[in-house]
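This report describes selected local features of one protein chain. Please consult the sequence and the coordinates alongside the text.

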Amino acid sequence: MNKNTIQHAEHSASLEQEFESQTVPLSHRHSTRAVSAVWFGFPMILTNAVFGGIMAYNLGFWRAIVAILLGNLVLFAYVGTLSYLAGKTGLNFAMQARKTFGSRGYIITSAFLSTVVIGWYAFQTGLTGTIINTTFGWNMTGTIVLATVLYTGVTFLGVRALSIIGMIAAPMFVILALAALYFVSQHTNLGQVTDYKGTAGGITMGIAMTMVIAGFADSGTMTADFTRWSKDGRSAVIATFSAFPIANVVSLLSGVVIVSAGAGINPAQNGGDFLHLLIGHNPLLNALALLFVFINLGSVCTHCLYNGAVGYSHLLNSKMRLWTIILGVIGGLLAVVGVWSYFLNWLSLLGVAVPPIGAVMIVDLLFLGHIASTRAETAYRGSAFLAWAIGTLCATAAHLWFPDYGEALIGALVGGSAYAVIHSMRVKKLVTA
């Protein structure tokens with residue numbers, strides 16, 4: 001399918017323009033409710049229930065709760081600030097990165113994140129096939145192919161489709177999670193879950209915080225692709241708050257409760273996955289559980305695919321919908337060959353290399369915005385790349401030698417601070433010259 005065919009499809013179907021390479025005009029901005037729906041449906045996923053359960057298994061109920069709240073506080077500050085900039089300007093991530101990393105330098109950061117996020121899409125698409133196979137007995141490869149077609153089709157419709165799937169995915173997650181807890185309560189006193197102390201001790205508070213942050217480090221850094229549709233910066237921050245902490249805490253907490261109640265199957269690996277609790281009661285609930293897997297994981301897959309498609313379409317002066325198809329197929333193929341087996345390595349990459357990018361952009365575009373808005377554009381901004389490298393190196397060192405302190409937070413703080421220091425030294429040098 002070529003570019004002209006995509007343009008014809010967009011016109012004939014009256015699909016909304018996606019503004020891949022320009023500011024979203026105020027006349028095309030969406031309501032706060034619509035943009036919030038794009039974001040709050042994103043974290044309401046089974047993967048988060050798994051994460052929450054693993055944290056509880058290792059830390060116990062209350063320490064897991066503290067790690068979740070602290071991680072979400074960091075996410076809100078990080079993603080909320082980037083969202084504010086997006087709502088204020090109407091610029092997508094690639095266009096923001098161009099201001100900070102240079103007219104050619106931004107290609108490196110944008111291509112990196114647009115590729116990383118497709119890896120997350122591939123993982124979640126493969127996870128769809130795995131869950132459906134183990135729970136319902138469907139052929140794994142066939143299910144992955146079906147999921148790829150469905151998720152690519154929804155993303156092709158554009159950002160409004162992400163809003164709709166979010167409006168469906170979030171309440172469906174809450175309803176079925178409550179149903180799972182109801183079945184647990186039939187043989188367990190849920191009032192005792194707060195006494196759960198954990199058993200393994202394999203992860204620390206810092207590692208748990210990194211799990212919370214790294215899970216949305218990629219799309220969180222690229223939040224501008226979603227929140228540029230907000231009417232202003234304030235609306236964009238409200239939309240972010242609906243995801244971090246609200247939706248993210250709810251989904252993680254569900255996994256914490258499942259494991260703390262003793263209802264998880266192999267919680268060291270599967271955490272608080274509650275799908276098995278919904279199966280075998282009646283055909284209607286079985287059907288809802290099957291639909292839930294596709295809608296639930298489809299929510300995160302469509303968001304990630306949209307990020308990647310917007311990024312590559314801007315880089316190559318193309319169309320978002322064309323790259324949705326290309327990247328959707330590539331991600332589907334990666335899912336078929338088993339990309340999810342590298343999940344822990346992928347999560348480590350997200351926690352180490354991604355947060356410094358957003359931190360550098362925050363310092364440059366917000367705290368030094370009066371300077372960034374007036375300086376002449378250059379091909380590469382070495383100060384931004386140096387700060388990114390320093391932040392990533394420090395995060396890597398923390399990951400290897402000081403994991404208790406959380407590499408994602410360390411990378412962001414060091415990267416942003418390094419950029420501020422480098423910038424101040426350059427200014428001082430110019431003044432004294």
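## The surroundings of Thr109

Leaving aside neighbours within four places in sequence, Thr109 is in contact with Phe93, Ala97, Phe101, Phe385 and Trp388. The model is a predicted one, and in it Thr109 has its place in helix H6, which spans residues 106–136. Thr109 counts as buried, because its relative accessibility is 0%, the cut-off for that class being under 20%. A polar atom of the Thr109 side chain lies 3.0 Å from the backbone oxygen of Tyr106.

## Confidence of the model

The mean pLDDT of the protein chain is 91, and 93% of its residues reach 70 or more. Confidence is lowest in helix H1 (residues 3–12), where the mean is 50, and highest in helix H7 (residues 140–156), where it is 97.

Over residues 8–13 the pLDDT stays under 50, and the model has five contacts for this stretch beyond four places in sequence. Where pLDDT is low, the predicted coordinates should not be read in detail.

## Salt bridges

A search of the whole structure finds three salt bridges. Side chains of opposite charge can pair when their charged atoms come close. In one of these salt bridges, the side chains of Arg321 and Glu18 meet with an N to O distance of 3.4 Å. This pair links distant parts of the chain, with Arg321 in helix H15 and Glu18 in the loop between H1 and helix H2 (32–40), 303 residues apart. Both Arg321 and Glu18 are buried.

Arg98 forms a salt bridge with Glu377, in which the closest N and O atoms are 3.0 Å apart. This pair, too, links distant parts of the chain: Arg98 belongs to helix H5 (residues 93–101), whereas Glu377 lies in the loop between helix H18 (369–372) and helix H19 (382–401), 279 residues apart. Arg98 counts as partly exposed, because its relative accessibility is 31%, while Glu377, with a relative accessible area of 53%, is exposed. A further salt bridge joins Arg375 to Asp364, their closest N and O atoms being 2.7 Å apart. Arg375 lies in the loop between H18 and H19 and Asp364 in helix H17 (residues 355–367), so this pair ties together parts that are eleven residues apart in sequence. Arg375 is partly exposed, with a relative accessible area of 23%, whereas Asp364, at 0% relative accessibility, counts as buried.

## Backbone geometry

Most residues other than glycine have a negative phi, and most peptide bonds are trans. Against that background, the peptide bond from Phe244 to Pro245 is cis, with omega near 20 degrees. Pro245 is found in helix H12, which covers residues 233–260.

Two asparagines deserve a look for their phi values. Asn266 has a positive phi, near 50 degrees, in a residue other than glycine, and is found in the loop between H12 and helix H13 (267–270). Asn266 is partly exposed, because its relative accessible area is 43%. Asn317 likewise has a positive phi near 50 degrees, and its place is in the loop between helix H14 (283–315) and helix H15 (320–336). With a relative accessible area of 57%, Asn317 is exposed, since that class begins over 50%.

Terms used. Residues are numbered from 1 along each chain as its sequence is written. This is a predicted model: local features need pLDDT of at least 70, side-chain atom pairs count only at pLDDT 80 or more; totals for chains, interfaces and linings use all residues. Side-chain values use heavy atoms; hydrogens and water are left out. Helices (H or I, at least four residues) and strands (E, at least two) are DSSP runs, numbered from the N terminus. Buried means under 20% relative accessible area, exposed over 50%, partly exposed in between (1.4 Å probe, protein chains only). A polar contact is a pair of N or O atoms within 3.5 Å; within protein, one must be able to donate a hydrogen and the other to accept it, and residues adjacent in sequence count only if both atoms are side-chain atoms. Contact means heavy atoms within 4.5 Å. pLDDT is the predictor's confidence in each residue, from 0 to 100. A salt bridge is a side-chain nitrogen of Lys or Arg within 4 Å of a carboxyl oxygen of Asp or Glu.
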